[in-house]
Amino acid sequence: RESWQVAEAFVESLEHGVSEEILGRVNKVEHESDESTQQKAKELTDFLGKRFEFEENMDPMQHEIAIKNNLVDNFLVRGENGEISSLLQSKLVELPPSTPEGVSEVMYGVWYVATDPEYKGEPVTRELFVKSFRTSLEKAKQNLQKFTGMIGETESEVEGLFNRYGNLRRPYYENREGQIVEVPFEVPPEDESNKGVPEHLMIRFFDNKAEIKRDDLFRMIDSIFSEYVRPEFFTPEYLKFAAEYYGEDTDPSSITIARAERYRQSYVKLADKIRGKMAKTLENNMAVDRISFLSRRELKV
């Protein structure tokens, strides 16, 4: 309950200056019918595809699966002609217990944050964060889960938003030469490539914890990676769609449940390889087992 109170105080502070008119225009994408969800999924892919690299963007069926199964929450604001002007995608990230008898912990996870350049002058990001965060907080309360903090993977150009609205910071460590170095972070690709996609991991704890151990960091990274390998994204139906979408020369009739599971296991191995690369870098280079959190501005100071 204490973590809920801290989270509540945070979102209340964020609400200062919120426009009730804009807040009323923030809507969550819901599954209403297969046809409407397919249409919404394509719209999300098209919108995000103009702002992120191909290998960073979810394809239409991934969005569709996520909406149908409530795997993510998409909050958006539309322009005067009904087009998406701003979007924030979030979810509750469940952490593995730190001890066998540990309580269930979750973090508010932020994935995509984007605004159409035509609407850059319209300040709606705060309202998106408020609506999204409150939804996640209510879920944590309903599930009786400790609300530990916030986490996100992002690019440099939107880091300022994470600093401003969530006080999230990048993780850094001291290497053996005494230099302060950002923790390298890569995520499994959304397309069919076989290498990690460089991103920036950003974190904020509600107890204002400023340092953690390496194992604690990988508790969070493992939780993020588990979302990439969910079985919902590795069904025969999805793989048939993906083969066509990504231009693979695959006979759809050859894609069986067994083959889909083999493909999932190969993707799990890819995710493990990417994770192992990050872990090895830290193991070989950390002077002490201590991860600190800084913004780029603080690092320069």
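Buried means under 20% relative accessible area, exposed means over 50%, and partly exposed lies in between, with a 1.4 Å probe and protein chains only. The model is predicted, so local features need pLDDT of at least 70 and side-chain atom pairs count only at pLDDT 80 or more, while totals for chains, interfaces and linings use all residues. Residues are numbered from 1 along each chain as its sequence is written, and side-chain values use heavy atoms, with hydrogens and water left out.

- The structure holds 24 salt bridges, a salt bridge being a side-chain nitrogen of Lys or Arg within 4 Å of a carboxyl oxygen of Asp or Glu.
- One of these joins Arg134 to Glu8, with the closest N and O atoms 2.7 Å apart.
- This pair links distant parts of the chain, since Arg134 belongs to helix α5 (residues 125–142) and Glu8 to helix α1 (residues 2–15), 126 residues apart.
- Helices (H or I, at least four residues) and strands (E, at least two) are DSSP runs, numbered from the N terminus.
- Glu8 also forms a salt bridge with Lys141, where the closest N and O atoms are 3.8 Å apart.
- Because Lys141 lies in helix α5 and Glu8 in helix α1, this pair ties together parts that are 133 residues apart in sequence.
- Glu8 is buried, at a relative accessible area of 18%, whereas Arg134 is partly exposed at 25% and Lys141 is partly exposed at 26%.
- A network of salt bridges links Glu8, Glu15, Arg134, Glu138 and Lys141.

- Arg264 and Glu261 form a salt bridge whose closest N and O atoms are 3.7 Å apart.
- Both residues are in helix α9 (residues 257–285), and because they are three residues apart, about one helical turn separates them.
- Arg264 is buried, with a relative accessible area of 17%, while Glu261 is partly exposed, with 36%.

**The sheet**

- Seven strands form an open sheet with mixed pairing, in the order β1-β2-β3-β4-β5-β9-β8.
- At its edges are β1 (27–28) and β8 (185–187), each of which pairs on one side only.
- Two strands pair if DSSP finds at least two bridges between them.
- Strands β5 (residues 146–154) and β9 (residues 197–205) run antiparallel and are joined by six bridges.
- Gly152 has Met202 in β9 as its bridge partner.
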